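Below are my comments on the charged side-chain pairs. Please read them alongside the model.

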Amino acid sequence: MSDPAAINQSVNSPQRQYPLERTRNFGICAHIDAGKTTTTERILFYTGLIHKIGDVDDGNTVTDWMEQEKERGITITSAAVTSFWTQKKEAGLQKNFEGIAHRINIIDTPGHVDFTAEVERSMRVLDGAVAVFCGVAGVQPQSETVWRQATKYKVPRIAFVNKMDRTGANFDNALNDMRKKLGAYAFPIYLNIGAEDKFAGVIDVVNQKAIIWGEGDLTNEGLKYEITEIPEAHKERAQTALAELIDAVSNKDDSIAELVLEDKPISAPVLKAAIRRLTCKIELIPVLCGTAFKKKGIQVLIDAVVDYLPSPLDIPPAQGMVPDTETSLEVPPNDNSKFCSLAFKLWTDPYAGKLVFFRVYSGQLKKGDSIYNPRTRKRERVSRLMVIQGSERKDVDSVYSGDIAALVGLRNITTGDTLCNEDFDIALEPPTFPEPVISMAIEPKSKADQDKMSQGLQRLAEEDPTFRCFTNEETGQLIIAGMGELHLEIIRDRLKREFSVEADAGAPQIAYRETITKPAEGEGKFIRQSGGRGQYGHAIIDVEPNEKGKGIEILNKVVGGTIPKEYIPAVHAGIEEAIKSGVYAGFQVIDIKVSIKDGSFHEVDSNELAFKMAGIFALKDAFAQAGPILLEPIMKVEATTPDEYQGDILGDINRRRGMIQGVDAKNGQTVLTAQVPLAEMFGYATAIRSLSKGRASYSMEPFSFEQVPNSVLTTVMDAAKKRPAARS
Ligand code: GDP
């Protein structure tokens, strides 16, 4: 863990205002409606960034920038907001943090699964997260998804059980849910005092104190709290919770285990330091509670962010690769190292224009400096840097390692690009995005809007990597593809609002994919000699299956210049083109690794086009020999039904080629979880309604891509051929 004095010397630039160890980059992630937006809003209020508390229901919250978000109450896009927090002495906090301001960057993450790209990209740049749960509903299906994503990206977490004021709120149930459904090693550090309309405050388990909030309207300073002795009725529960917490910590932390064994007292700061160590290693989840809406529990939540969530120094350094090679690099945070950052979000701001949100991993960047993009091999000058503070956009002169800020007015940058010093050729591991599962044809209501629509779609695709748009070569139709019907509906909505184009869309189609099952070699030659200047391109490649979800990797392993260096990008481009249009059945190829390893050239006849064609042919040749298969999107479906309809609903899921994962019955309701091919889910809303006389409900989210079984392969291929719009 960080030793502040030593760190200050070595990694912090003297110019920076907030040293790295006092920076927290965190996100608030939650199931939709759990209260993420309200919690964010309250944090911004208590940190003094906004002066009027905005309620989501009024549609004036700071992070909900987009019109339709206000209407739908969904936070679709993630915004990074900077704010500052000074801990108060009376909160009984770790000594070295008392009275010292921390810089906290909040990255808002969406809760709706149709917007997984947003969650994924924000997870990539977070150092920690606050997982918000509803105190009534506990762990909901989509909270599991977000939790899984946080685990995938190794994000340390604290949990906030919100809505403690609502009827039916139950802290212990929510805690048990977390342990059971998420397998979380979760322990309360703040317990509730009362619930529902009697929720009065929390018990600080570590310090064995009560924190009681006053009632009444929120003043401009926020709700004040009082720290008191624990009320008699809660004493036993508080002591048990402390004993359990110490026990949980001692199971994982040797220094606390030793104190326990030797029967020595464990002081609050010592225990807190151990909780911090374990939380940063994702070995423990501290749990808090409160009600964002009633403004209770927010100050202690921000304290907990500072106390327990990691600074950029407390997590493993970012990983990168030297482009086109398999050499990996680490980028530890240090202002004095070379500049390296990741662009994680593009946004067109109505006032400032095109913004690129980026996270700095090492070094510093000043206005006027140049940045280098290894993907495009281009340099661009940074004329303006900005941070979002509350509802304000604030220009800054420089940014340092660990910071999150926005570049203004830069052109050729997309999500996932590394931006670095020119002499630091590195590609940070970009976030991986799920493949679109659904596509539809789209056309403008008025023919005159064709160009405007294409431009709009192209810009939306730049901003959102799970949204794609392309022209179907056979039909000439414009196709949009995304993560679900809601996702594509919102795209159409944005077309209308931001580009004034109204569009009609066709029926949704399944986005199948292709991949391979074994390694193979392939050769591609493009040789023409018909008088005059000829064409000569020749490439030999290896293909092999890549790890699921890893996408496409293309490596250059040519030695001795058998393909001259200047033609490698052309071979690369050819391979990419073949991958896009598919080989086996005309669907995009995923999860393969390609190594360009050999070839030959002709002094006079070789050119880029010939090598591009050689790349296409080589990929097609290799692919055909590598055991190609067709993949289909599989959804995770959760259906909730009164017990009496369970049998019918199970039978129906089986008929839809579904695999039942769990049947969980409680209080007369059964929750069924299953994995079902998306192709079989059209019309499910009607089916489940009629099977249960309207009493069952369901939700679904993309889960994986799996091989289309032979029994339905021919049907799928035939249908796909008849519906070229499905191809994506
Ligand atoms: P998000 O979808 O997770 O961003 O959730 P929101 O912050 O938009 O909240 C969803 C709904 O729950 C809104 O109507 C909020 O007013 C309400 N809400 C949020 N926090 C609380 C709370 O602590 N108590 C109660 N009773 N309602 C809350």
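**Notes on salt bridges**

1. Aspartate 395 has a relative accessible area of 39%, so the residue counts as partly exposed. The model is a predicted one. Aspartate 395 pairs with arginine 384 in a salt bridge, with 2.8 Å between the closest N and O atoms. The two residues are eleven apart and link distant parts of the chain: aspartate 395 sits in strand β20 (residues 392-396), arginine 384 in the loop between β18 (378-381) and β19 (385-389). Arginine 384 is also partly exposed, its relative accessibility being 32%.

2. Arginine 468 and glutamate 435 form a salt bridge whose closest N and O atoms are 3.3 Å apart. This pair, too, links distant parts of the chain, 33 residues apart: strand β26 (residues 468-471) holds arginine 468, and the loop between β24 (427-428) and β25 (438-444) holds glutamate 435. Glutamate 435 is buried at 17% relative accessibility, because the cut-off for buried is under 20%. Arginine 468, at 23%, is partly exposed.

3. The pair in point 2 has a further partner: Arg513 joins Glu435 and Arg468 in a network of salt bridges.

4. Lysine 548 and glutamate 706 meet through their side chains in a salt bridge of 2.9 Å, N to O. Lysine 548 is in the loop between β32 (535-545) and β33 (552-556), and glutamate 706 is in strand β38 (residues 697-707), so the bridge ties together parts 158 residues apart in sequence. Lysine 548 is exposed at 56% relative accessible area, while glutamate 706 is partly exposed at 33%.

5. For context, the structure holds 31 salt bridges.

Notes
Residues numbered from 1 in each chain as written. Predicted model: local features only at pLDDT ≥ 70, side-chain atom pairs only at ≥ 80, totals over all residues. Heavy atoms only, no water. Salt bridge = Lys/Arg side-chain N within 4 Å of Asp/Glu carboxyl O. Helix = DSSP H or I, 4+ residues; strand = E, 2+ residues; numbered from the N terminus. Buried < 20%, exposed > 50% of the residue type's maximum accessible area, 1.4 Å probe, protein only.
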